[in-house]
Amino acid sequence: MKLFASSLLLAACALATPVFAAMPAQPSLKVTTLDGKPYDLATQRGHWVIVNFWATWCGPCIKELPDISHFVATHPNVSAIGIAYDDTDPADIRAFLQKHPVTYPVAQVTMDKPLKDFDEPSGLPMTWLIGPDGKVAKEFTGPVTPALLSAAIGK
C-alpha cells in the first residue's frame, strides 16, 4: 500500500509540474532589427552566429558588447545578432547603442513576448553559439569572452 501511495504522489507531482518545450537543436529566429531591417537566422547557414541576449541595465552585458563586436569584425566566418531583452523604449535602446556601438544588428525582444525557439534567458547576458549547420553548438550563461568563443569555434 505504501508503494501505491508513493507512486500516486509521484504521479501527482509530475502532473502538477509545468512542462516547457525544449529548445530545438536547430532554432529559427526571425526578427526585425532596431533599424527596421528583417533578420532571419536561416540566411546565415554556413557561418557561425553569436546570438547574444543583453539589456541596457546589465553591467556585464555592456562590458561584453565591444568584445563580441571585435570578435565578429576579426573572424570573417562569424556573425552576430544582439537581442536586447529589455522592456525599455526602442528609442532609448537606439540612444544606448549610439554610446555603445556594435558592428552587428540588434533587435529588441520584450519579456512578455519571448522568442519562440530560444529558451528564456536564465540570466543576462546569455549567448547561444549557432554552428554553420544551424544547430546550437554552445550555450553561455554570463559574459562571453573572445577566448571562450575561439575555444567553442576551434579557432
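C58 and C61 form a disulfide, with their sulfur atoms 2.3 Å apart. The rule here is a pair of cysteine sulfur atoms within 2.5 Å, and by it the count comes to one disulfide. This is a predicted model, in which local features need pLDDT of at least 70 and side-chain atom pairs count only at pLDDT 80 or more, while totals for chains, interfaces and linings use all residues. Residues are numbered from 1 along each chain as its sequence is written, and side-chain values use heavy atoms, with hydrogens and water left out.

**The disulfide**
- A disulfide is a covalent bond between the sulfur atoms of two cysteines.
- The torsion about the S-S bond of C58 and C61 is about 75 degrees, so the disulfide is right-handed.
- Both C58 and C61 are buried. Buried means under 20% relative accessible area, exposed over 50%, and partly exposed in between (1.4 Å probe, protein chains only).

**The sheet**
- Five strands make an open sheet in the order β5-β4-β3-β6-β7, with mixed pairing. Strands (E, at least two residues) and helices (H or I, at least four) are DSSP runs, numbered from the N terminus. Two strands pair if DSSP finds at least two bridges between them.
- At the edges are β5 (106–109) and β7 (136–141), each pairing on one side only.
- From one strand to the next, the twist averages 20 degrees.
- β3 pairs with β6 (residues 126–130) in the antiparallel sense, over five bridges. F53 stands opposite M126 in β6.
- α2 packs on the sheet and touches β3, β4 and β6. The direction of α2 makes about 165 degrees with that of β3. Axes are lines fitted to C-alpha atoms, for helices over the stretch in contact, and angles run from 0 to 180 degrees between N-to-C directions.

**The cores**
- The largest nonpolar core has 24 residues; I50, W54, I68, V78, L97 and V106 touch the most other members. Such a core is a set of buried Ala, Val, Leu, Ile, Met, Phe, Trp, Tyr and Cys residues joined through side-chain atoms within 4.5 Å.
- α2 gives the most to this core, with five residues.
- Apart from it lies another core, of 18 residues, including L41 and F118.

**Around T56**
- T56 lies in the loop between β3 (48–54) and α2 (59–74).
- T56 is buried, with a relative accessible area of 17%.
- Not counting residues up to four places away in sequence, T56 touches I62, D86, T88, I93 and F96. Contact means heavy atoms within 4.5 Å.
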